[in-house]
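Thanks for making time this morning.

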Amino acid sequence: MKTIKILSLSVLATALFYGCGSTSDILSTPIENIDSSPLKVLELTENEKHTWGHLDLVKDTIPGMSVEKAYNQIIKNKKGETVIVAVIDTGIDIDHEDLNDVIWTNKEEIPNNGKDDDKNGYVDDIHGWNFLGDGYNEQLEYVRILASGDTSNTEYSKAQAEYDKEYQKYNGYKTNYEQILQQITSADDAITKYLGKSDYTKAEVNAIKTEDEALTQAIQVAKYMYSNDMDSLSEAKKEIKNGLESINDRLNYNLNKAFKGRINDDNPDDMSTKFYGNGNIKPVKKTESHGTHVAGIIAAERNNGKGANGVANNVKIMSLRAVPNGDEYDKDIALAIRYAVDNGAKVINGSFGKYYSPHSEWVRDAITYAGKNDVLFINAAGNEGADIDITNVYPNDAIGVGPEVSNTFITVGALEPKYGSGMIAGFSNYGKVNVDVFAPGAKIYSTTPENEYDTKGGTSMAAPAVAGVAALIRSYFPKLSAAQVKQIILDSGLAINTKVIVGGDTNDIKPFADLIKSAKMVNAYNALIMAAKTAN
């Protein structure tokens, strides 16, 4: 078993710091470097599964961000300033039991009077703005390129090749999932009939002795599902049905060249019109859960006895609904960034992205605008297991690996809840130039619509973890600039000196430091220590 080697600066007693945005010393022992750590040999407990992103690598042998350590040893009962964090995403369930007290309210706007009271161009923008209107499903960007019929587009041939590949792949998925669902359903029916009940257990299935060929086959199906972490065939059917729904959405909407998803009466290729959509920032359906999950990671009310704790206290979430079930429009994203900046956000979370962007300059201009106005933009790296130094992904604050247009833009890759060679999530994009840090992003438990909670994974979950850390720093050290906060997050992380599996390919092993600019994973505890020193 490996051991942890801590190279600390010195062993100092933790001291208090006082007041809103105090810059007095925080005397603590920063974790400066981790050479190795014991691998987690036991399964995570239920509590660890729900909180692992907040745990501490040294204490818990789980590569979390030391959030609880930061609260227990540094923040304690200190008071910080309220920080507005804009979440550009799907709709957010602002009535959720764990979010309803942390939602931003535009106090200059009188609710539901049909007037633009604050004269910002948006009528009744009480908790943010909905650029999608009543829309939900959308095409992917390369499908829009094909649907335009403009063969002179330099990306048309590339888009066609990708479409042909993806359409064939998802048709194959559809056939396979339908066959698997049929097998599971038949197996469930057979076992239910034999046992005389539908709520049978694994033990009861394992105890069946039969020479009946059909029943034997049903038992084999059940045991196979059990071996894949399914507790029952009912759960397996639910998972397959959900997967089939996603596949059908892909075929019927995202890859459908004839589908018209934009119903907000706006031309996405004309930047002269800016005031469209409405003030209803809630999800249009329960399954539109992404934004609610992201918001909870940042700011779910802490220690209220309910489902999840957000990373940051003292936060108000501004909801900007601009991400459909498909690819977002560049125009919506650019305007959402500008809305966030103009209405007081100090941190913006962007858990979205795509690989084609016909108006990427509009988004880069908005990112520049955010930087010039002292606003941090926290960006998800993407989920293709790709090197985004050589594969273009949007949004980005640079063209390829060229000069950056903003020094307040942070791109985040995703970690798994285990230290060692498998700590980089197999889906996570990476890049020595274009990815700044890694943070917990796989198997993250957070809020979902209608007072529910669920576990989701993606760099979409890693970005809001970092947005929460940024909000903590801006709350307790409000005089620090956005650029300083970015540098603190990059510099204060834990340097991981180990080789890791890249893109889920066990044949591709590289040093952790080769995958990201900072060579570090984010650490809230260290970040607050460094923020105090920087503020001084």
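What you see is a predicted model, in which local features need pLDDT of at least 70 and side-chain atom pairs count only at pLDDT 80 or more, while totals for chains, interfaces and linings use all residues. Residues are numbered from 1 along each chain as its sequence is written, and side-chain values use heavy atoms, with hydrogens and water left out.

A cavity here is a set of points, on a 1 Å grid over the protein atoms alone, where a 1.4 Å probe fits but cannot get out, and its lining residues have an atom within 4 Å of a point. A volume is the space filled by probe spheres set on the points. Helices are DSSP runs of H or I with at least four residues, numbered from the N terminus; helix 11 (360-372) and helix 10 (330-342) each supply at least two lining residues, and helix 11 has the largest share, with 3.

The second largest cavity has a volume of about 60 Å³, and its lining, which includes Y136, R262 and Y329, divides into 5 nonpolar, 3 polar and 2 charged residues.

Turning to the cores, a nonpolar core is a set of buried Ala, Val, Leu, Ile, Met, Phe, Trp, Tyr and Cys residues joined through side-chain atoms within 4.5 Å, where buried means under 20% relative accessible area, exposed over 50%, and partly exposed in between (1.4 Å probe, protein chains only). The largest core has 86 residues, with I317, I473, I489 and F512 making the most contacts inside it, and helix 12 (residues 459-476) gives the most to this core, 12 residues.

Finally, for "active site", an unreviewed UniProt entry lists D89, H290 and S460, and such annotations may be inferred rather than shown by experiment. These residues span 372 residues in sequence, yet no two of their C-alpha atoms are more than 9.8 Å apart, so they gather at one spot. H290, which lies in helix 9 (residues 290-299), counts as partly exposed at 24% relative accessibility.

Methods:
1 Å grid on protein atoms, 1.4 Å probe; cavity = no way out; pocket = protein on both sides within 12 Å on 5 of 7 lines; lining within 4 Å. Nonpolar A, V, L, I, M, F, W, Y, C, P; charged D, E, K, R; others polar.
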